[in-house]
Each structure stands twice: as C-alpha cells, then as structure tokens.
Amino acid sequence: MKTIHKFFFLSLLLCGLFACEDEDAIRIPPFLEGANMRIVIDADKSSLKLANINSSTFEFDAYSINNNIQKVELIGGYISKTDTVKNEVLLSLPGSAFTNGKARGVITAADVVKAFKLAGISSLKAGDKILLENHVTLTDGRVMSPANSAPSIIQGQYASFTPFIEIDVKP
C-alpha cells in the first residue's frame with residue numbers, strides 16, 4: 001500500500017511541475033509571410049517606341065505565390081533631358097488581378113503622360129527613361145519594397161522579389 005501511495009504522490013508531483021506555466025517567459029511571435037513578387041518583362045514589348053507611340057505598350061507578367069496581396073504599385077520617376085518627375089504611381093494592380101499566381105501589366109504612353117503630369121504624348125522623346133520601384137501591399141497593411149527587402153530576396157539568379165523596372169523610350 002505504501003508503494004501505491006508513493007507512486008500516486010510522485011505522479012501528482014510530476015503533473016504539478018509540468019502543468020505550471022511561466023507567464024513571464026519570452027514568447028517568440030509567429031512568423032509573418034513576406035511578399036513574393038517576380039516581374040518578367042515581355043521581350044517584344046520592353047520599351048515605348050516613338051515610331052508608333054499611340055499604340056506602343058510596355059508589358060510584363062507579375063508572378064506571386066502570395067494569396068494575401070492587396071495591391072502592387074509601380075512607383076517611380078520620369079527622367080528626360082529637360083525634366084525629372086519623381087514619386088508618382090504609374091501602375092497599380094489589385095490583388096484580384098492575379099489568377100493562378102499571375103497578372104499581366106500593360107503601360108501605355110498615355111499612362112506615362114497621365115501619371116507624371118506631362119504636357120502630352122509629344123513630350124516623350126527618344127532616350128527618356130521611366131524608373132520604377134515595386135511596392136507590394138499585403139492585406140494586413142504591410143508594404144514590401146526595395147527599401148525593406150533583404151539582398152538575398154532581391155538579388156541573384158532566382159530572386160523572389162523584383163525591386164526595380166526600367167522603361168526606355170526608343171525611336
């Protein structure tokens with residue numbers, strides 16, 4: 001009988017030790033998912049061409065494995081020999097534009113004129129550049145951009161985040 005009492009007491013003691021919880025212990029928060037956004041430029045439509053500027057387009061495919069994208073914005077500047085305009089949103093893709101992890105982006109000369117508040121399409125000249133940053137806003141409000149992405153994510157042969165896009169205006 002003494003053995004049963006000792007075993008019972010020892011069992012209660014062990015249960016009591018493992019049942020305690022230290023509320024002052026440091027807790028590791030759950031990891032948040034970042035943004036995965038690769039942009040692949042269409043080789044046939046990789047610049048705006050002055051020869052047919054009214055129908056010329058710059059096109060790309062945006063790929064992401066994220067299901068929590070609110071929007072993707074291409075923000076940047078227009079640079080010419082005489083003018084520089086910075087920090088304007090040229091294109092915004094809503095999260096709903098992504099089907100099976102892919103969305104198509106199309107930028108026209110009219111989009112450039114409107115975004116950078118240029119006088120007109122005739123303002124575009126050969127040699128002008130549009131430099132854009134990729135900003136991804138997630139549904140929880142976080143914004144991923146080149147400023148807060150690690151080099152291991154935005155550099156290398158298989159980068160998972162395309163930080164910058166450059167559009168040239170060609171003759």
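Reader: To begin, which side chain meets that of D42 in a salt bridge?
Author: That of R104, with N to O at 2.8 Å. Please bear in mind that this is a predicted model. The pair links distant parts of the chain, 62 residues apart: D42 is in the loop between β1 (38-41) and β2, and R104 is in strand β6.

Reader: Which residues are linked with these two in a network of salt bridges?
Author: The network links D42, K45, E59, D61, K102 and R104.

Reader: Is R104 buried, exposed or partly exposed?
Author: R104 counts as partly exposed, because its relative accessibility is 36%.

Reader: And D61, is it buried or exposed?
Author: D61, which is found in strand β3, is buried, because its relative accessible area is 12% and the cut-off for buried is under 20%. Its side chain makes a polar contact of 3.0 Å with the side chain of R104.

Reader: What else does D61 touch, not counting residues up to four places away in sequence?
Author: Besides R104, D61 touches R38, I39, V40, K102 and A103.

Reader: How many salt bridges does a search of the whole structure find?
Author: Ten. One further example joins the side chains of E88 and K117, at 3.2 Å from N to O. E88 lies in strand β5 and K117 in the loop between α2 and β7, so this pair ties together parts that are 29 residues apart in sequence. E88 is partly exposed, with a relative accessible area of 23%, whereas K117 is exposed at 62%.

Reader: With which residue does K129 form a salt bridge?
Author: With E166; the closest N and O atoms are 3.2 Å apart. This pair links strand β7, which holds K129, to strand β9, which holds E166, across 37 residues. K129 is partly exposed, with a relative accessible area of 32%, and E166 counts as partly exposed at 40%.

Reader: Let us stay with β9. Which of its side chains point to the buried face?
Author: I165, I167 and V169 point to one face and are buried.

Reader: In which sense, parallel or antiparallel, does β2 pair with β9?
Author: Strand β2 (residues 47-49) pairs with β9 in the parallel sense, over three bridges, and L48 stands opposite V169 there. Strand β7 (residues 129-138) runs antiparallel to β9 and is joined to it by five bridges, with E133 standing opposite F164.

Reader: You mention F58 and F60. How far apart are the centres of their rings?
Author: The count of aromatic pairs comes to two. In the F58 and F60 pair, the ring centres are 6.3 Å apart and the planes stand at 50°, so the pair is tilted.

Reader: Are F58 and F60 buried or exposed?
Author: Both F58 and F60 are buried.

Methods:
Residues are numbered from 1 along each chain as its sequence is written. This is a predicted model: local features need pLDDT of at least 70, side-chain atom pairs count only at pLDDT 80 or more; totals for chains, interfaces and linings use all residues. Side-chain values use heavy atoms; hydrogens and water are left out. Buried means under 20% relative accessible area, exposed over 50%, partly exposed in between (1.4 Å probe, protein chains only). Helices (H or I, at least four residues) and strands (E, at least two) are DSSP runs, numbered from the N terminus. Two strands pair if DSSP finds at least two bridges between them. Rings of Phe, Tyr and Trp (its six-membered ring) pair if their centres lie within 6.5 Å; planes under 30 degrees apart count as stacked, over 60 as edge-to-face and the rest as tilted. A polar contact is a pair of N or O atoms within 3.5 Å; within protein, one must be able to donate a hydrogen and the other to accept it, and residues adjacent in sequence count only if both atoms are side-chain atoms. Contact means heavy atoms within 4.5 Å. A salt bridge is a side-chain nitrogen of Lys or Arg within 4 Å of a carboxyl oxygen of Asp or Glu.
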